[in-house]
Amino acid sequence: MTAPPPSLSLPPQAAVATPSNDNLDVEAVRRDFPILQQTVRGKPLVYLDNAATTQKPRAVIDAVTHYYENENANIHRGVHFLSQQATFAYERARGRVGKFLNAADSSEIIFVRGTTEGINLVARGYGRAKVGQGDEILISHMEHHSNIVPWQMLCEEKGASLRVVPVDDDGELVMEEYERLLGDRTRLVAVTHASNALGTVNPIAQIVSLAHDRGVPVLVDGAQGVPHMPVDVRQLDCDFYLFSGHKLFGPTGIGVLYGKRHLLDDMAPYQGGGSMIKSVTLENTTFADVPTKFEAGTPNIAGAIGLAAAIDYVNDIGQDRIDAYESGLLDYATQRLGELADLRIIGSARQKVSVISFVMNDAHPHDIGTILDSEGIAIRTGHHCAQPLMQRYQVSATARASLAFYNTRDEIDALTDGLVRVHEVLG
Ligand SMILES: *Cc1c(COP(=O)(O)O)cnc(C)c1O
C-alpha cells in the first residue's frame with residue numbers, strides 16, 4: 001500500500017444523526033438521505049424496496065463527488081501525486097471493509113462488482129479446481145438465483161451435482177436434512193445469510209461448524225446480512241462471505257468478496273489482464289499476490305470509496321441500534337399487515353431481517369404493486385430472483401415490503417392503508 005501523500009484531504013465529515021439515547025432518531029436519519037425528501041405521484045415517497053437496493057446518505061454521495069473533484073486518477077501504477085492519492089483512498093477503503101467484517105487481514109478483501117460477481121469468482125477460482133465428476137455442491141432452497149446458477153454451470157461443466165437443503169413451511173432450513181445431505185462427496189456449502197424473499201436468517205455458525213467437521217468449506221451470501229446485522233467473519237468462521245455495496249447504502253457496481261487467505265492464495269485468477277500480474281512475457285505470466293490477483297483491470301475506485309463512506313455511516317449509527325430499530329419496525333409491520341384478513345405472509349421464521357413477503361387472495365402481486373405506486377409507495381412484486389422458492393410455496397410471485405432503518409411506523413401505516421385500498425379496488 002502506498003503511504004499517504006502528505007497533504008491528503010479527507011472527504012467532508014458525514015452529517016450523521018447522533019441520537020441522544022439508545023433509540024434511533026429516525027427523523028434525523030431521514031434528513032441524511034436526499035432522495036427520501038421527494039414526493040412521488042403527489043404523495044410523500046414511501047420507499048419499501050430496500051432488499052432490491054438501498055438509498056444513499058449524503059455522506060456517500062459527497063465521498064464519491066469529493067473523489068472525482070479532488071483525487072481522480074488511475075491507481076497502483078502511478079508515481080504522480082493524484083495516482084498516489086487515489087491509491088491511498090482505494091486501499092484505505094479496503095482496510096475499512098476488512099475491519100467492518102473483522103477479517104484477519106485486509107488482503108482477504110477482494111473488490112468485485114457485487115455479490116453475483118463474487119460468487120462467480122469463487123465458482124471459477126475455487127470450484128473449477130476442487131470440484132470434479134460425481135462431487136456435490138450443497139445449497140439451500142431459499143437461495144437467490146446468483147447463488148444457484150453459477151453452481152449449476154459449474155456442475156454442468158464438471159459432471160457434479162447440486163444438492164438442495166429443503167425449507168419448511170415457516171421458511172426455515174430443515175437442519176436435520178442439512179446434516180443428512182452433507183456427505184463424502186460434498187465439496188462446498190453455499191448458503192445465504194438471510195433470505196431476500198422470506199427474511200429468514202440462517203444459523204450460519206452452526207452450518208459452518210457442521211460442514212467443517214467434515215472438512216467442507218462454506219460460502220455465505222451476505223447480500224442481506226451486512227445491511228441488517230453486525231457480521232464477524234472470524235466468529236462465523238465462514239470461508240467466503242459476499243455482499244453488494246448498493247444494498248448497504250453504498251454505490252452500485254462495487255461489492256466485496258471476503259475469503260480466508262490460504263484459500264485465496266490457492267485459487268486461480270478469475271480474469272486476466274492489467275494489474276493482476278507480477279510479470280508478463282509473451283510466453284508466460286506470473287500472477288500478483290492476493291488481493292491484486294483477483295482485481296484485473298481498472299477497478300471501481302469511486303465505488304470502493306463510496307462503500308467505505310457507507311460503512312462509516314452505518315458504524316456511526318451502530319449496527320446493534322439498526323438491528324434493534326428494524327426488529328421493532330418488522331414486528332409492527334407484521335402486526336399491521338396481520339390485520340388484513342385476506343393477506344397471507346410468506347415466511348415466519350423465528351429469526352428474520354426486516355423483509356415481509358405476502359400474497360392477497362384476490363389480487364395479483366403486480367396489481368398490488370401498481371396500486372401502491374399510485375400512492376407513492378414503492379414495494380417489489382415478482383419472484384425476487386428466487387423462482388425455486390416461489391415453486392416451494394406454490395406461488396408464482398409475492399409482494400414484498402423490505403424495510404431499512406430510515407423507514408417509519410407512519411410509512412407502515414401508509415402501506416396498510418394502501419393495501420386496504422387494493423382490496424377495495426380489486427376485491
Ligand atoms: C441482491 C442479492 C444478490 C445479488 O446481488 P447483486 O448486487 O445483484 O449482485 C444475491 N443474493 C441475495 C440474497 C440478494 O439479496
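Predicted model: local features only at pLDDT ≥ 70, side-chain atom pairs only at ≥ 80, totals over all residues.

As a rule, nonpolar side chains in soluble globular proteins tend to be buried together. Here the largest nonpolar core has 112 residues, and the members touching the most others are Leu101, Tyr178, Val189, Tyr241, Ile368, Phe405 and Leu419. Helix α10 (residues 301-317) is the top contributor, giving 12 residues. Both domains take part: domain 1 (81-315) and domain 2 (319-426) each supply at least three residues. There's also a second, separate core of 26 residues, with Val131, Cys155, Phe240 and Val290 among its members.

Setting aside residues up to four places away in sequence, Val189 touches Leu138, Tyr178, Leu182, Ile207, Ala211, Val216, Pro217, Val218 and Leu219. Leu138, from strand β5 (residues 136-140), counts as buried because its relative accessibility is 1%, against a cut-off of under 20%. Beyond its neighbours within four places in sequence, Leu138 is in contact with Arg163, Val164, Val165, Tyr178, Leu181, Leu182, Thr186, Leu188, Val189 and Ala190. Ser106 is another matter: Leu138 and Ser106 are 32 residues apart in sequence and 28 Å apart in space, C-alpha to C-alpha.

## Helix α12

Which residues of helix α12 (residues 365-373) are buried? They are Pro365, Ile368, Gly369, Ile371 and Leu372. An α-helix has 3.6 residues a turn, so residues three or four places apart point the same way. The cover over the buried residues of α12 includes the strands β14 (355-360), β15 (377-378), β16 (380-382) and β17 (398-402), along with helix α14 (409-426).

## Around the ligand

Now for the ligand. Surrounding it are Thr115, Thr116, His144, Ser146, Thr192, Asn196, Asp221, Ala223, Gln224, Ser244, His246 and Lys247.

Some polar distances may be handy if you're setting up a calculation. From an oxygen atom of the ligand to an N or O atom in the side chain of Ser244 is 2.7 Å, while the corresponding distance for the side chain of Lys247 is 2.8 Å. With Thr115 the backbone is involved, as one of its backbone N or O atoms lies 3.4 Å from an oxygen atom of the ligand. On its own the ligand has 390 Å² of accessible area, and the protein covers 86% of that.

Most residues other than glycine have a negative phi, and most peptide bonds are trans. A few spots here go the other way. Which peptide bond is cis? That's the one from Val290 to Pro291, with omega near 0°. Pro291 is placed in the loop between β12 (285-287) and α10.

Then there's phi. Asp237 isn't a glycine, yet its phi is positive at about 65°. Asp237 lies in the loop between α8 (233-236) and β9 (240-244), and it is partly exposed, with a relative accessible area of 32%. Ser275, also not a glycine, has a positive phi of about 75°, and the loop holding Ser275 runs between α9 (261-266) and β11 (277-280).

Methods
Residues numbered from 1 in each chain as written. Heavy atoms only, no water. Core = buried A, V, L, I, M, F, W, Y, C linked by side-chain atoms within 4.5 Å. Buried < 20%, exposed > 50% of the residue type's maximum accessible area, 1.4 Å probe, protein only. Helix = DSSP H or I, 4+ residues; strand = E, 2+ residues; numbered from the N terminus. Domains from an automatic or database assignment. Contact = heavy atoms within 4.5 Å. Near = heavy atom within 4 Å. Polar contact = N/O pair within 3.5 Å; in protein donor to acceptor, adjacent residues only side chain to side chain. Areas by Shrake-Rupley, 256 points an atom, 1.4 Å probe, with all protein chains shown as cover.
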